[in-house]
Amino acid sequence: MTDSQAPLKPVREPGQPILDRLAFEQFTAAHRRELKLHCYRMMGSLHEADDLVQDTLLRAWRARSEFDGRGSVRGWLYTIATNSCLNALKARSRANRILQQRERPASHGMATGGPAAEVTWLEPYPDAELPGRADGEPGPEARYETREAVQLAFVAAIQDLPPRQRAALLLSDVLGWSAVETAGLLGGSTVSINSALQRARVPLRRDIPKDVPSIDRSPTPRKACCSNVTCRPGRPPISTA
């Protein structure tokens with residue numbers, strides 16, 4: 001099968017998973033690079049992106065029997081990857097909390113160091129790791145070209161966004177998912193997703209240098225991936241949160 005977005009219709013015995021080992025390896029190999037890039041944008045770290053891609057593929061392998069072929073494999077993998085990133089960001093936030101230590105006396109005076117920045121060292125993304133077909137050809141909702149959305153100025157700016165806003169912005173403005181599709185992945189209503197996008201775009205317009213412009217694409221018809229109208233990236237069959 002040459003079109004990775006097409007629905008899966010293999011001949012299989014009743015009860016046999018649609019994604020057998022060979023199909024799973026083919027599809028995950030096709031999308032591995034763009035999944036890593038997505039995780040890098042979410043986390044701001046190449047090391048964490050590598051770990052989260054591995055976690056995503058492990059979760060997908062364990063849940064492959066739940067994939068029924070009604071949505072695209074790409075959308076299913078992005079659902080798992082995004083939820084893995086959100087869980088990692090939540091764990092990172094808990095780890096950064098300052099806990100009182102009983103054995104030490106209370107300090108006096110004003111703090112001098114200030115709060116620790118979430119991203120202490122933002123690693124640039126190597127060009128050699130960029131997907132061949134960047135982000136699987138982002139849809140008409142995308143506002144940023146892939147090269148713009150991988151520059152340090154962009155990645156650094158989105159690290160200051162709350163995780164849910166960050167995920168919504170990446171799915172919509174970078175990958176080109178519609179608000180309906182993004183809501184299907186993140187949960188909530190389309191109205192709440194549009195509101196999150198509006199709040200996320202304000203600091204980006206302020207913080208990103210003018211030499212990293214956003215791209216307002218004119219609406220274009222979405223390429224039909226198949227005749228099945230349910231084959232949309234925002235309609236994953238499982239939840240991995």
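Helices (H or I, at least four residues) and strands (E, at least two) are taken as DSSP runs, numbered from the N terminus. The model is predicted: local features need pLDDT of at least 70 and side-chain atom pairs count only at pLDDT 80 or more, whereas totals for chains, interfaces and linings use all residues. Residues are numbered from 1 along each chain as its sequence is written, and side-chain values use heavy atoms, with hydrogens and water left out.

Of the 241 residues, 44% are buried (under 20% relative accessible area, with a 1.4 Å probe and protein chains only). Among contacts (heavy atoms within 4.5 Å) with a separation of 6 or more, 78% are between residues 24 or more positions apart.

Helix 1 spans residues 21-43 and has a kink of about 50° centred on Arg-32, the bend at a residue being the angle between axes fitted to the seven residues ending there and the seven starting there. Gly-44, which follows helix 1, has a positive phi near 75°.

Lys-36 also lies in helix 1 and counts as buried because its relative accessibility is 11%. Its side chain forms a polar contact of 3.1 Å with that of Asp-50 (a pair of N or O atoms within 3.5 Å, one able to donate a hydrogen and the other to accept it; residues adjacent in sequence count only if both atoms are side-chain atoms). Beyond its neighbours within four places in sequence, Lys-36 contacts Leu-46, Ala-49, Asp-50, Val-53, Tyr-125 and Glu-129.

Key: Buried < 20%, exposed > 50% of the residue type's maximum accessible area, 1.4 Å probe, protein only.
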